[in-house]
Amino acid sequence: MDAFAFARANRPRFLGELEEFLRIPSVSTQPEHQPDMLDAANWLRDQLLAVGFPRAEILPTAGHPIVFAEWSCRRPAAPTVLLYGHYDVQPADPLELWRTPPFEPVVVGDDLYARGASDDKGQLLAQIKAVESLSATAGEPPVSIRCLFEGEEESGSEHLDDFVTANRSILQADVALISDSSILSKDQPSIIYAVRGITYVEVEVTGPAGDLHSGRYGGAVHNPIHALAEMIAGLHDSQGRITIPGFYDRVQVLTPAERAGLARLPFDRHAWLREAGITTDWGEPEYSIVERTTARPTLDVNGIWGGYTQPGAKTVLPSKAFAKISMRLVPQQDPAEISRLIQDHFQAIAPPAVTVQVRELHHGQGAIVPLDSPAIQAAARAYAESFGAEPLFVREGGSLPVVATLRRELGIDSILMGFGLPDDNLHAPNEKLHLPNYFRGIDTVIRFLSYLA
Ligand SMILES: [Zn+2]
């Protein structure tokens, strides 16, 4: 029997084990679920040992523990693959909107409903079941495997960086396989090959030393809210380009081949406008909406406040004004450098009557994996053969900090091999996993590990 036949023959058990895992309400952000977090970590460690990992243990962090496992392949020159996933889940609230209880998994048709079914217990277990299918039929996995399964992804991965830094030696690998994302549709697999970085700052503008009466000082004192509004209004030109000097210096020009690839992605502008609740799009006219939202850097004001905002009227000329600003960055941009550029820019454009302070709240590096890298090619072949359709290559507009962490600390690329679907209701009531994707996911990982070997 080969690995695929083994996986097929064991489908009922693979489903039953996933249901067991899903019954543990491992909500990382809620302190009352602390015992459940430990239950989930224990369950996962036991699962890894049962599958045959010679070493599987729960390693502490300052927060929820990491489940680590290791299986070295005896074949010389076999590469090492680091599997990443997370065993924690989002809170189930609002409970009244669930059609079935979130921690009592139910299969309806082809879908398995439960909190964490898609994000990320189903995807994580698909990785493990692939390793099991390979080793059960060949005696050992075709590559050396290390597992890094965290319990804080849904609450900000606060202790992951420190853990990876402190445990570089046991995590050393040639490539990481991350299964915690979605494909375009059930019959159209896709591979995310780039994620954007981020720089997040808070701006504080100070005018007069204290709040003033607008009837006595208005007209002669530069209102800091006006000053902030003027500065923010100047951060984009009329074409939606960001005006901060040096902002685009490291941004790589998209090649014609890449633009052609992005143009092939299914995209319905009208559906997109409807979904966003807007009548027309905005931004750099020379780039498509797909490019603007995934392959170009952006700047957005996330919040702005100051002065009097309570009910009724108060004629105040405020002392201060604030804004929060995030910038999504393409992989080549350095988030720390962008942080300095925006700080310098605000100083340069600040009107004389106000002072401006810009504080960075956080930043994270983006990442890109070359499309011609052997691991991406292996992933593409694995998807094509398991789903019967060539995968499309997409860029993620958001950030995935673990990708940058693994690049920085271990020097490795991450292959984002997801099996979720866009309508899985992640972080929402009635989360589900499309079961054919679970089983195709197992086949895809089997093929990916075999091709890498
Ligand atoms: Zn996730």
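1. Ground rules. The model is predicted, with local features needing pLDDT of at least 70 and side-chain atom pairs counting only at pLDDT 80 or more, while totals for chains, interfaces and linings use all residues. Numbering starts from 1 along each chain as its sequence is written, and side-chain values use heavy atoms, with hydrogens and water left out.

2. The four-stranded sheet. Here the strand order is S11-S13-S9-S14, in an open sheet with antiparallel pairing. Helices (H or I, at least four residues) and strands (E, at least two) are DSSP runs, numbered from the N terminus, and two strands count as paired if DSSP finds at least two bridges between them. The edges are S11 (298–306) and S14 (355–364), each pairing on one side only. From one strand to the next, the twist averages 15°; axes are lines fitted to C-alpha atoms, for helices over the stretch in contact, and angles run from 0 to 180 degrees between N-to-C directions. S11 and S13 (residues 320–329) run antiparallel and are joined by eight bridges, with Thr-298 opposite Arg-328 in S13.

3. Helices on that sheet. H12 (residues 335–349) packs on the sheet and touches S9, S11, S13 and S14, its direction making about 165° with that of S14. H8 (residues 224–233) lies across S9 (197–206), S11, S13 and S14, and runs at about 20° to S13. Contact in these cases means heavy atoms within 4.5 Å.

4. The three-stranded sheet. This open sheet has the order S4-S5-S18, with antiparallel pairing. S4 (106–108) and S18 (432–434) each have a single partner strand, so one side of each is left without a neighbour in the sheet. Direction ignored, neighbouring strands are turned by 25° against each other on average. Three bridges join S4 to S5 (residues 111–113), and Val-108 sits opposite Asp-111 in S5. H2 (residues 11–22) packs on this sheet, touching S4, S5 and S18, with its direction at about 25° to that of S5. H4 (residues 117–138) lies across S5 and S18, running at about 50° to S18.

5. Strand S6. Seven of the seven residues of S6 (residues 144–150) are buried, so the strand is largely enclosed by the rest of the structure; buried means under 20% relative accessible area, exposed over 50%, and partly exposed in between (1.4 Å probe, protein chains only). In a regular strand the side chains alternate between the two faces of the sheet. In S6, Ser-144, Arg-146, Leu-148 and Glu-150 point one way, and Ile-145, Cys-147 and Phe-149 the other. Ala-69 has Cys-147 as its bridge partner, and Thr-80 stands opposite Ser-144.

6. The structure has three cavities of 30 Å³ or more. On a 1 Å grid over the protein atoms alone, a cavity is a set of points where a 1.4 Å probe fits but cannot get out, a pocket is an open set with protein on both sides within 12 Å along at least five of seven lines, and lining residues have an atom within 4 Å of a point. Grid points are joined across faces, edges and corners, and a volume is the space filled by probe spheres set on the points. The largest cavity holds about 40 Å³. S8 (190–195), S15 (367–368) and S17 (414–416) each supply at least two of its lining residues, and S8 gives the most, with four. By class, the lining has nine nonpolar residues, one polar and no charged; Ala, Val, Leu, Ile, Met, Phe, Trp, Tyr, Cys and Pro count as nonpolar, Asp, Glu, Lys and Arg as charged, and the others, Gly among them, as polar.

7. The second largest cavity. This one also comes out at about 40 Å³. Its lining divides into two nonpolar, two polar and four charged residues, and includes Asp-249, Arg-250, Asp-334 and Glu-337.

8. The second largest pocket. The space here is about 390 Å³. Of the 19 lining residues, Trp-282, Arg-292, Thr-293, Thr-298 and Asp-300 lie nearest the centre. H11 (289–294) and S11 each supply at least two lining residues. The lining has seven nonpolar, five polar and seven charged residues.
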